[in-house]
Amino acid sequence: MRVLQTKEIELCVYRLARRAGLTLTDGCRAALQAAAREETGAAKFALDAVLENERIARREEMPICQDTGMACVFLEVGQEVRLEGAPLAEAVNEGVRRAYADGNFRMSLCDPLTRVNTKDNTPACIHTDMVPGDAVKITFLPKGFGSENMSRIRMLDPADGVEGILETIVETVKIAGSRPCPPVVAGVGIGGSFDSCAWLAKKALMRETGLAHPRSDVASIEREALARINRLGIGAQGFGGKVTALAVHCELAPTHIAGLPVAVNLQCHCVRCGSEVL
Amino acid sequence: MRKLSLPLSARDVASLHAGDTVLLSGIVYTARDCAHKRLFELLDADMVLPFSLKGAFIYYAGPCPARAGKACGSCGPTTSARMNGYAPRLLDLGLGGMIGKGEMSEEVRRAIAQHGAVYFAAIGGAGALYGNAVKRSELIAFPELLAEAIYRLEIEDFPLVVAIDGAGNTIYST
């Protein structure tokens with residue numbers, strides 16, 4: 001058994017969170033640059049501002065977006081690792097707490113009823129998978145809620161098939177309109193149960209923007225959904241244009257013979273995500 | 001790009017058309033979900049608001065804390081549609097307009113046209129760009145709301161798009 005102190009996990013979450021708040025992922029930046037070359041008018045104005053914004057964010061050490069998000073943390077823990085120290089969730093939350101305070105990030109979490117702020121941006125939304133091996137992989141995705149609010153889940157019938165999946169994805173982006181800060185990335189969960197389908201959609205957003213699914217039938221759904229979304233004409237910030245989505249990412253899991261769950265988790269044009277292996 | 005200063009005159013408003021880009025300077029007040037709820041509680045109780053609505057501009061935003069030496073932290077717009085229920089009454093009371101992101105309701109569009117107000121779209125996700133263009137920031141109400149409190153911001157050359165103009169024309173197709 002390899003022994004790993006949870007303090008190492010705390011420090012890793014801290015590093016990932018600090019970096020994510022100030023940087024777009026390489027895939028996201030490349031997709032935005034490509035979009036800026038395609039657009040004109042107000043949409044072009046918006047995309048140029050977003051690219052200029054990242055340069056200012058780095059220079060001024062200011063978060064890219066004031067919505068520094070809910071901390072979504074995905075832990076893939078090797079089953080040959082024995083964790084020592086503070087409980088895992090506490091270690092992750094401590095990393096978030098310190099990163100958000102030190103980075104001058106916004107504390108954006110509150111009680112859902114009283115709306116009283118938790119003041120330290122915890123608790124993080126933590127998913128843990130046990131995997132083979134003796135390493136721990138940590139992925140950090142700060143998720144803004146302008147786009148999270150526009151996400152949807154539908155329990156389709158098996159007969160709805162691929163066409164039903166495509167309609168669900170495109171309809172979600174259409175209903176969202178200008179509100180989720182397009183051009184969006186659509187993370188799509190297909191299959192599983194009600195809850196695991198939503199998690200698949202979030203996990204799809206952790207993939208490098210624009211990378212296709214390895215299964216060709218899934219990659220083909222991604223391509224077709226992207227093409228249909230970009231015919232909607234919503235454009236950057238809803239100003240009209242050819243690029244309403246930068247990418248569509250699907251993740252799959254076997255589902256029940258009676259169902260076809262489809263969850264669409266929208267991500268704004270600021271994909272801030274990073275991972276590290278300990 | 002055209003430069004414009006707040007407060008806007010009737011002539012300024014008349015010269016703005018949906019889709020125009022401007023660099024806006026002057027005083028704005030931040031307010032988002034919770035602050036609007038509080039403002040409405042004050043209005044319903046016939047109490048004085050923390051700032052005068054007459055000709056004022058509300059910026060739908062909740063900034064990050066400022067780091068040492070800066071007036072403001074990251075400060076981009078939030079989704080305006082969540083304030084659809086609040087905006088018409090504030091416009092009726094003399095609000096000059098709003099800055100936010102994304103489409104607003106038909107009711108808001110009508111109120112803007114009726115009062116000759118303006119709705120500017122800031123670019124969502126450009127928080128550092130806007131935060132860096134804030135020259136002064138002062139917390140004026142509801143400190144317990146943290147980022148959702150009302151801040152009086154002095155902004156300089158905010159790049160904005162006219163999203164709904166004083167005649168009620170809109171850049172959004174939906």
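User: Hi! How much of chain A is made up of buried residues?
Analyst: In this predicted model, buried residues account for 52% of the 278 residues in chain A.

User: Thanks! And what radius of gyration does chain A have, next to a compact globule?
Analyst: Chain A has 19 Å, and a compact globule with 278 residues would be near 19 Å, so the two agree. Along its principal axes, the C-alpha trace spans about 50 × 50 × 40 Å.

User: How many helices and strands are there in chain A?
Analyst: Chain A has eight helices and ten strands. Of its contacts with a separation of 6 or more, 83% are between residues 24 or more positions apart.

User: Let's talk helices. At what angle do α6(A) and α8(A) cross?
Analyst: Roughly 40°, with the axes of α6 (residues 161-176) and α8 (residues 216-229) of chain A coming within 10 Å. That angle makes α6(A) oblique to α8(A), and the crossing is right-handed.

User: Which residues make that contact?
Analyst: On α6(A) they include Val162(A), Ile165(A) and Leu166(A), and on α8(A) they include Ile221(A), Glu224(A) and Arg228(A). By class, the contact of α6(A) with α8(A) has nine nonpolar, no polar and two charged residues.

User: Switching to chain B: how many residues does each chain bring to the contact?
Analyst: There are 36 residues from chain A and 38 residues from chain B.

User: Which helix gives the most on the chain A side?
Analyst: Helix α3 (residues 41-60) of chain A does, with ten residues.

User: And what classes of residue are on that side?
Analyst: The side of chain A touching chain B has 17 nonpolar, 13 polar and six charged residues.

Conventions:
Residues are numbered from 1 along each chain as its sequence is written. Chains are lettered from A and ligands numbered from 1 in the order in which they are written. This is a predicted model: local features need pLDDT of at least 70, side-chain atom pairs count only at pLDDT 80 or more; totals for chains, interfaces and linings use all residues. Axes are lines fitted to C-alpha atoms, for helices over the stretch in contact, and angles run from 0 to 180 degrees between N-to-C directions. Helices (H or I, at least four residues) and strands (E, at least two) are DSSP runs, numbered from the N terminus. Angles under 35 degrees count as roughly parallel, over 145 as roughly antiparallel, 65 to 115 as roughly perpendicular and the rest as oblique. A crossing is left-handed if the near helix is turned anticlockwise from the far one by less than a right angle, and right-handed if clockwise. Two residues are in contact if their C-beta atoms, placed from the backbone, lie within 7 Å. Ala, Val, Leu, Ile, Met, Phe, Trp, Tyr, Cys and Pro count as nonpolar, Asp, Glu, Lys and Arg as charged, and the others, Gly among them, as polar. The radius of gyration is taken over C-alpha atoms; the globule rule is 2.2 Å times the number of residues to the power 0.38. A residue is buried if 20 or more other C-beta atoms lie within 10 Å of its own, exposed if 12 or fewer, and partly exposed in between; C-beta atoms are placed from the backbone.
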